[in-house]
Amino acid sequence: MKKIVFDCDNTFGIKNCDVDDGLALMYLLGSREAEFLGVTSTYGNSSLDVVQAVNLRMLEELGRRDIPVKRGGEKRGCYQSEAAGFLAEMADRHPGELSILATGSLTNLRGAYERDRYFFEKVKEIVLMGGITSPLVFDKKVMNELNFSCDPPATRTVLTKGRNVSIMTGNNCLKVLFTKQEYRERFSGKENRAAAYIMEKTDYWFGYNDEDYGIPGFYNWDVTAAAYLMHPELFEDDVKCLRVSEQDLETGYLGMDGDGMRDGAAAGKKGERCTCNLPVIREPEAFKDNIYETWLSVPGIRTGVCRQN
């Protein structure tokens, strides 16, 4: 069993906001090998107030009010928070056993480190969703990076101080697209509350991605990171030596050591070296099968929060 804290900017079901944090939450709840210690709320997809409310509402609807939800820092630099204290406490309580999945800004993790300078030494592993190694260019426009860029000093701290850090970059998530047709084929006709709940709450996201970016479906950014945490065998590890600077992290850019840093290098802002794993999905179909099967295994959804489709 993995002892997990999920640090996220969940906006599941909020108009024009990402659904993948919520889907990652459901993936963890459907994973038999996950011991869910708590959820910590951060900002990114929306304000902290919205994210905190969504996390509480989802866990209520999914029948898991037993899972604590802790409020994090509301903006860059807000490192003293309930969430930071909870992360530090969990690392202290479970040294060498705690796994952290972080899919929003990294303000809370920096806060935990400021509370306990041995925090990262106590954490078993950290899996992040964020960062880009090249621009995310789609038919209609370029997609901005909205996780690492939220709080570059915090991101730099996590990447350079963290141990056993894996990063699911935006670029590596592009290998697998979830289309509306496939989504409905996998879910329709099933007497399964999780399937009905997901279809009802996320249907709008297909239209948003098509209209704004010209994407005929959507990428499950945060679910991909959750899948790596629980099933690394579905991925090929790719350990890289990075050189990160706060200047580059303002856009979420991850520079590879030796590839020549962007503008800042000439000014001596070469960044700090760190080693991180940037895993890549092995087989798209096996990866998708695992995700759908895990979603359908989510127990305890309350009657009345969804309608059967």
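**Salt bridges, pair by pair**

A: K2 is buried, with a relative accessible area of 19% (buried means under 20%, exposed over 50%, partly exposed in between, with a 1.4 Å probe and protein chains only). The model is predicted, so local features need pLDDT of at least 70 and side-chain atom pairs 80 or more, while totals for chains, interfaces and linings use all residues. Residues are numbered from 1 along each chain as its sequence is written, and side-chain values use heavy atoms, without hydrogens and water.

The partner of K2 is E125, and their side chains form a salt bridge with an N to O distance of 3.0 Å (a salt bridge is a side-chain nitrogen of Lys or Arg within 4 Å of a carboxyl oxygen of Asp or Glu). This pair connects distant parts of the chain: K2 belongs to strand β1 (residues 2–8) and E125 to strand β5 (residues 123–129), 123 residues apart. Strands (E, at least two residues) and helices (H or I, at least four) are DSSP runs, numbered from the N terminus. E125 is buried too, at 11% relative accessibility.

A second pair is D49 and R71, whose side chains meet in a salt bridge of 2.6 Å, N to O. Here too, distant parts of the chain are linked: D49 lies in helix α2 (residues 48–61), and R71 lies in strand β3 (residues 69–71), 22 residues apart. D49 is exposed, with a relative accessible area of 51%. R71 counts as partly exposed, at 31% relative accessibility.

Helix α2 also holds both members of another pair, R57 and E61, which are four residues apart, about one turn of the helix. The closest N and O atoms of their salt bridge are 3.4 Å apart. R57 is partly exposed, with a relative accessible area of 23%, whereas E61 is buried, with a relative accessible area of 10%. R57 and E61 also belong to a network with K201, joined by salt bridges that share partners.

The pairs described here are among the 24 salt bridges in the structure. As for the setting, UniProt lists residues 4–258 in an unreviewed entry as "domain: Inosine/uridine-preferring nucleoside hydrolase"; its positions follow the numbering used here, feature names are shortened, and annotations may be inferred rather than shown by experiment. Over residues 4–258, the chain is 40% helix and 18% strand, and the C-alpha atoms at the ends are 35 Å apart.
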